[in-house]
Amino acid sequence: MSIKEPHADSGMEDFGYRQSLDRSIGKFASFAAGVSYISILTGTFQLFYFGFGTAGPGYLWSWPMVFVGQMAVALCFMELAAKYPVAGSVYNWSKKLGSRLVGWSSGWLMLTASIVTISAVVLAYQLNLPRIWSGFQIIGDGSGEYDFAANAVVLGSVLIAFTTLINALGVKLMSRINSAGVFIELIAAVLIAIILALNIKRGPDIFFSTQGYGAGESYGYLGAFLVASLASLYVMYGFDTASSLGEETVEPRRTAPKAIFRAILASFVIGGAILVFAVMSAPNLEDPQIGESSGGLQYIVEQVMWGPLGKIFLVCIVVAVTVCTLAVHTAAIRLSFAMARDNALPFGEKLARVNPKTQTPIIPAVVIGVIAAIILVINIEQPKIFTVLTSIAIIMIYLAYLMVTGPMLKKRLQGQWPPKDLKEGGYFTMGRWGLPVNIFAVLWGSLMALNLAWPRADVYGEPWYNTWGAFVYIGVILGSGLLWYFIKGRHHIGTLESHAAATVAEAEKPLEQA
C-alpha cells in the first residue's frame, strides 16, 4: 500500500535524497512534535523559580518579548519548511542558503546542544516524581549532600532508556505516544491556568512594580530583568522539530509551516496564562520557596490546588517531561541521520543506516541516548559545570538558528528568496513582510545570543572558565568539531550512495509500504 502524496510536495528532489524513512506522520502529530519540544509544563515549571527569584513578578514581561522575537525566527523557518521539509532542518537549510561549512557548523552546534538538552530536560523528573511519591527518592532521603543529584541521574537515565527504546521501534509508535502526551499536557495546562485564575488574590498591578528587585545591581532592574529573561529564552525554541520530521510527514510542505506556527502560538498563550495566574494566585509572594529550585511553580500549584488535584497535575507535568525528552531525542536522531547521510559525521554510513523493519535509524538513537546519560553523571559532583553546559546548549541552538536566518537574509537582499514555486504553488510565504521580519529575526537572534552568553558569575558561577563558559565551552565544542572537519571531514562530505536518488523521480517517489 502506498501513502498518497503529491510528488512535488516532498522537498526531497531539492537535495537529491532517496526516500528512506516512514512517511506516516499526520497534521496533529506534526504539531505535537513542536509543542512537546517547547513543552509548556516542562520549561515553565523547571525555570520559573530562576526568573522570579532574580527579577520578581516583572520578569514575566520577558515572556511576550521572547515570543515576538522567536515568532520572527519561526516565520522565517515556516518559509523554509514550505520549501525544504527535510530531516535535520536547520542543518540542511543553512547548507542550502549559506555554504557547506556554514551548514556543517550549524548542524554540529545543534546536534551537540540537543544531546546536552536531553540531559537537562530529564532532570525535571527529580523536581516532580518525589513530590508525587517519596518512594521515587531511591537514593537517600533527599537530605544528603548528593542525594538530590544522584537520584536525578537514576530517574533521568530510566527516562533516556525509555525514549531510546521508543525511537528505535519506529516513528509511528513515537508519534502516537508523543501525540497522546501532548494532548494530556495541553488539557492539563489549560485546566491549571483556569484553576489558578479562579483563585487570584491580587491584581495585574503586581507586574508593574520592581518589588525592590535589582537594587544594588550595576544596571538596576534592567540588569536583573535581562538575567531573568533567560528563564523565557530557555523555553521557547525547538519549534523547527515539526520540519525536521518532514520526511516522515504527509504533505510536509503544507503541514510543517502550520505546525510550527501553531506550536509556538499555543505554547505562548497557554504558558503565559499559567505564569500570570500563578503570580496572581500565590498565597504569599514573599515566601522564599517560590524563588528556590525546590519550590518554584510546583510549590505555588500545590498550595493553590485543593485535595488531590496538585498531585494529579504533577503527574501531568511528568507526562510532559516524558514527551519533551522523547521529542528532543527524536529531533537529535533526525539531525544526526541528516548529517550522516551526507557523510558529515564520523562513522556516517553506520549512523545513516535505516532499519528495514522499523524504517528508522536505530544506531543514532542508541548512541545519543548513551552520550546523554554519560553527560548526566556530571551533575552528581559538578552541578555548576552541568548548569553551564545546559545553559550554553541553549546559546548554541540560538547560534545555529542565526546560521539559518543570516544566510536567508543575504539571499533575500540578493533577490534570490523566496523561490517562485512558493508563491505559484500556494505555499506559505511572508510576502512583502519577509525582509523586515527577516532583519528583525537576525537582530533578535544576535542580541539574545549575546545576552545569553554574557559572563555573569551569578548565573554561571566561578571560576573564570565557568563565568566565561559560553565562550570557553562553545569554543572547545565548535573548535574540536571544526578540527575534524578540516582535517578529515571536508574531504569526503557528500551524499552517501545508499541515500542518493538516481533521478528526480526517485527522490519524489512516495514511500512504498508492504
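The legends below describe close-up views of a predicted model.

Local features are reported where pLDDT is at least 70, side-chain atom pairs count only at pLDDT 80 or more, and totals for chains, interfaces and linings use all residues. Residues are numbered from 1 along each chain as its sequence is written, and side-chain values use heavy atoms, with hydrogens and water left out.

**Figure 1. Overall fold of the predicted protein, with 23 helices and zero strands.** Helices (H or I, at least four residues) and strands (E, at least two) are DSSP runs, numbered from the N terminus. Along the principal axes, the C-alpha atoms fill a box of roughly 65 × 50 × 45 Å. Of the 514 residues, 60% count as buried, where buried means under 20% relative accessible area, exposed over 50%, and partly exposed in between (1.4 Å probe, protein chains only). Among contacts (heavy atoms within 4.5 Å) with a separation of 6 or more, 83% link residues 24 or more positions apart.

**Figure 2. Packing of helix α8 against helix α14.** Two packed helices are described by the angle between their axes and the distance between the axes. The axes of α8 (residues 171–197) and α14 (residues 309–340) come within 8 Å and cross at roughly 140°. Axes are lines fitted to C-alpha atoms, for helices over the stretch in contact, and angles run from 0 to 180 degrees between N-to-C directions. The two helices, α8 and α14, are therefore oblique to each other; angles under 35 degrees count as roughly parallel, over 145 as roughly antiparallel, 65 to 115 as roughly perpendicular and the rest as oblique. The crossing of α8 and α14 is left-handed, a term used if the near helix is turned anticlockwise from the far one by less than a right angle, with right-handed used if clockwise. Residues of α8 in the contact include V171, M174, I177, N178 and E185, and those of α14 include L309, F313, C316 and R334. The residues of this contact divide into 17 nonpolar, three polar and two charged. Here Ala, Val, Leu, Ile, Met, Phe, Trp, Tyr, Cys and Pro count as nonpolar, Asp, Glu, Lys and Arg as charged, and the others, Gly among them, as polar.

**Figure 3. Contact of helix α3 with helix α12.** The axes of α3 (residues 62–83) and α12 come within 8 Å and cross at roughly 170°. Helices α3 and α12 are therefore roughly antiparallel to each other. Their contact comprises 18 nonpolar, four polar and two charged residues.

**Figure 4. The mostly covered helices α13 and α6.** In α13 (residues 296–304), seven of the nine residues are buried, among them Q298, Y299 and V304. The buried residues of α13 pack against α2 (40–55), α6 (124–132), α8, α12 (252–281) and α14. Helix α6 likewise has seven of its nine residues buried, including Y125, Q126, N128 and R131. Its buried residues are covered by elements including α2, α5 (100–122), α7 (147–168), α13 and α14.

Figure 5. S20 is buried, with a relative accessible area of 10%. Apart from its neighbours within four places in sequence, S20 is in contact with F337, V354 and H499.

**Figure 6. Backbone geometry at S39, Q211, P418 and P463.** Most residues other than glycine have a negative phi, and most peptide bonds are trans. S39, in the loop between α1 and α2, has a positive phi near 50° and is buried at 0% relative accessibility. Q211, in the loop between α8 and α9, has a positive phi near 55° and is partly exposed at 42% relative accessibility. The peptide bond from W417 to P418 is cis, with omega near 5°; P418 lies in the loop between α17 (383–413) and α18 (420–424). A cis peptide bond with omega of about -5° joins E462 and P463, and P463 lies in the loop between α20 (457–460) and α21 (464–467).
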